[in-house]
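Please walk me through this structure, from its strand pairings to its aromatic rings, its nonpolar cores and a contact point between its chains.

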Amino acid sequence: MSNPKRLHPAAMIFTVISSLRQFIVAALPLIILSIGEGPFIYGVIGVAVFSILLIGYGILSWFRFTYVLEEDQIRIEQGVLIRKKRSISKSRIQSIDLTQGVIHRIFGLTKVQIETAGSDRDVDASLSAVTFDEGKYLHEQLKQVNEPNIKQQQNVNQPEDPSIFPSRSISVKRLIIAGSTSGSFGVILSLFVVFFSELESVIPATVYQEVTGWIVVQAIEILVGLAIMVLLFLWGIGILGTVIKYGQFTITRYEKELYITRGLLEKRQMTIPLKRIQAVGVKQSLVRQPLGYTTVFVEIAGGVQDNNKNTETLLFPLLRKSEVVAFLQEILPEYEQVPTDFIQVPKRALPYYLLRTAFVPLVAVIVVAVLGLEWIWIPLVILAIACSLGFARFQTAGFHLSEQQLTLQMRLFSKETIFVKQRRVQSLEIKQHILHRKQQLANVSPSILNNFGGKHYLVQELNQSDVERIADWYSYQKD
Amino acid sequence: MRQPPSERIAKDAIQAWKLVALLWLAVPILITVGLFLLAYFFDFSYWLGVIALILSVIEGLITVFLIPKLRWRRWRYQVFEQEIYIQHGILVVSRTLVPMIRVQHVDTKQGPVLKKYGLSSLTISTAATTHEIPALLEEEASDLRDQISELARVEQDDV
C-alpha cells in the first residue's frame, strides 16, 4: 500500500496533448506565417525539434509523477523542473470523479479527479491516466475514511447493480429534442463564420474567385436554398454535439450523493455529495417554454467547473414540465416541494420592468424620429420586443415561502425557478431607492455559495410587506 | 416594517470621508489645470477649461459637503446574538442580514486616513459575500471583531 506508483504510460500522451494545446495558440500565427515563406526544410526541422522536446517532457513528467496511497491520505509528487509534493488527507476529500476520454477507452484507462472543498483549483489533484480497476480501487479507498458505512454502498455503486437506488436515464428521442432546442446553434453559427473568414486567407485566390463568381451568377432561389441548407447542417451539428455530450445520461440517487454518468465518446462520471448542493433550479429557455420542456440543474459549492462560463451543474438535460415534480421526488426528495402558487410582483412595479428593458430602444426611437430617418421601423420593432420581454419578466417574477424553503421565480431570457433552503442562504439583502420607498416596493437579493464564489439572486420590486416576510423568514433572531 | 438597526458608526467617519473626497478632488483639478495649460500654450478654447472648473467645483461641493453627511446619517448596524444587521446607502438604501453561523471570518482594517482619525473598518466575510462596516472607533472595532468571532464560533454546519 505504501509503494509509490506511477501512472499508466499512456499518461504521456495526455501530457503531450495538453502542452501542445498551450503552445498551439502561441505558435499558430508563427506556423501560418512560415508557410509559404523560406525553405520548407526549416519548418520541418522546427517541428521535429519541437516534437522531440515535447515527447521528452512527456516522458520526464510521467517518470517524475508518483502517488502513494497511505492510511489516511494520498501523497502526490510531481514536476520536472519544479518538484511539488502534495498530500491530501482523506477526510478533506469532497468527491472523486472518474472520467474516460476516447484515448482512455482505447487503453481501458480512466482519469481520476480528486476534489477538496475549496474552489481553489491548485488544491485539487488529478491523475490523468490509471487503469480502470486502479481508478475504482482508489475511489473506494479514498472514500472509506470519509464515510465508514460506505462499504455496502460501494458494492452497489458498480454499474452492474444500480437497480436498488432510484435512477433515470435519458431517451434518444429526448436527447434529440434537447439538441434541437439547445440554442447552441448560434454559437456554432458564429464559429462557422469565423472559420470561413479565416479560410478565405488560406484558399488560393483563383479558386476563391471562381467560387464567388459562380455564386454571384446564381438565381436568388438557389442562394436562399443554399443558405437554408447551411443552416440546417449547422443545426444538425448542434444536435449531434448534444447527443455526444449528453448521450446515455444517467443520474442515480444514492443515500448521500448523486451520481451522474454521461457522454458517448468521452465518458464522464460525476459524484455530487448531497451536502454540497446549495440550490436547485428549473430552467425554461424561450425556445423550450412553449414546447413545455425544462432542464433541472443544481448549484454546488466547491469543485468542478464544467467550463468556466457555467456554474450550474445539469441534473437532467430535458424533462417535460409536468415530470419535474416526479423527478425531484425520486432523485432529490429534499427539494420535492415545487410550489404552484407564487406571490407575484404588484402591478405598480410594471413601469420599472418596462423601463429597464425598453429604455435604450426608446432612446434609439426618439433619436431616429428626431433625425427623421426612413427606417424608423427597425428601432420600433426592437422597442416592441423589449417591451414584451419586460412584460414577460414582470409576469414571471415572484416567490413562494414555506417553512424551510424559499422559491424564487425570475427571468432574464429563460424562465428560472430556484429552490433554496433557509440554511443555504449566506446572506440576504433588501434594497430600496427613493421611489421604491414611496411606493412600498423593495428588491430582495439572497446570496448563496457556488463553485464560482457566490451567486446573488435578485427579485425586483416586490411588495415591501412581502419582502419583510422573506426577511423574517430568513432572520435567525426570532423575537 | 423591520426597525432599522440601532447602532451608528463613528461620527468622525464624516471627517475621514471628507478628507478622502478632498484627495480625490485632485483628479478633476488636475484635468482643469491641464485644459487651461492647453488653452494657454496651444490654440485651444478656454471654454473647456471654464466648464471643467465649474464641474470640479460642483463635484467638490457635493462629494465633500453633502455625501459624507448623508452617508453617515444612513449608516447603521446592529449585532445580535445570531445575526448581524446592516443598513447603508444614500439614494438606494440596502439592508442586509448576515447570520452568525454563516460568518467565516472577521477582519479589522485601517488605512492612513482612518488612522489619522483613530478609526478602523470591520469586514465580515461569509463563504459567498463580504460586508464592511466602514468606520468604527479603533477599540470598538476590535471589540466588535472579537465579539462577532466569538458568536460565530457556534457549530458550523456544512458550508
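The paragraphs below take these topics in turn. The model is predicted, and what is said here should be read with that in mind.

One open sheet in chain A is built of four strands in the order 1-2-3-4, with antiparallel pairing. Its edges are formed by strand 1 (5-6) and strand 4 (84-89) of chain A, each of which pairs on one side only. Strand 4 of chain A is joined to strand 3 (residues 73-78) of chain A through six bridges in the antiparallel sense, and within this pairing E77(A) has K85(A), in strand 4 of chain A, as its bridge partner.

Further along chain A, strand 6 (residues 109-116) and strand 7 run antiparallel and are joined by five bridges; in this pairing, T131(A) of strand 7 of chain A is the bridge partner of L109(A). How enclosed is strand 7 (residues 125-131) of chain A by the rest of the structure? Five of its seven residues are buried, and strand 7 of chain A is therefore largely enclosed by the rest of the structure.

The aromatic rings come next. Over all chains, a search of the whole structure finds eleven aromatic pairs. In one of them, the rings of Y246(A) and F249(A) have centres 6.2 Å apart and planes at 55°, so the pair is tilted; both Y246(A) and F249(A) are buried. The rings of F316(A) and F327(A) also form a tilted pair, because their centres lie 5.4 Å apart with the planes at 50°. This second pair links distant parts of the chain, since F316(A) belongs to strand 14 (residues 312-320) of chain A and F327(A) to helix 11 (residues 324-331) of chain A, eleven residues apart. F316(A) counts as buried because its relative accessibility is 3%, and F327(A) is likewise buried, with a relative accessible area of 0%. Y246(A), F249(A), F316(A) and F327(A) together form one aromatic cluster.

Rings also take part in arrangements with charged side chains. The charged end of K283(A) sits over the ring of F297(A), 5.7 Å from its centre, while that of K421(A) sits over the ring of Y335(A), at 4.8 Å from the ring centre.

Which residues touch the most other members of the largest nonpolar core? Among its 31 residues, these are L462(A) and I470(A). Several elements of chain A each supply at least two residues of this core, including strand 17 (405-411), strand 20 (441-448) and helix 15 (464-474), and helix 15 of chain A gives the most, with five residues. Not counting residues up to four places away in sequence, I470(A) touches F399(A), L401(A), L406(A), L428(A), V444(A) and L462(A). A second, separate core has 29 residues, among them A13(B), M100(B), L114(B) and L122(B).

The last stop is T129(B), which is found in the loop between strand 6 (119-126) and strand 7 (130-137) of chain B. T129(B) counts as buried because its relative accessibility is 9%. The side chain of T129(B) makes a polar contact with the side chain of S427(A) at 3.5 Å and another with the side chain of H131(B) at 2.9 Å. Leaving aside neighbours within four places in sequence, T129(B) is in contact with S427(A), S447(A) and H456(A), as well as with I124(B).

How values were computed
Residues numbered from 1 in each chain as written. Chains lettered and ligands numbered in written order. Predicted model: local features only at pLDDT ≥ 70, side-chain atom pairs only at ≥ 80, totals over all residues. Heavy atoms only, no water. Buried < 20%, exposed > 50% of the residue type's maximum accessible area, 1.4 Å probe, protein only. Pairing = 2+ DSSP bridges. Phe/Tyr/Trp six-rings, centres within 6.5 Å; stacked < 30°, edge-to-face > 60°. Lys NZ or Arg CZ within 6 Å of the ring centre and 35° of its normal. Core = buried A, V, L, I, M, F, W, Y, C linked by side-chain atoms within 4.5 Å. Contact = heavy atoms within 4.5 Å. Polar contact = N/O pair within 3.5 Å; in protein donor to acceptor, adjacent residues only side chain to side chain.
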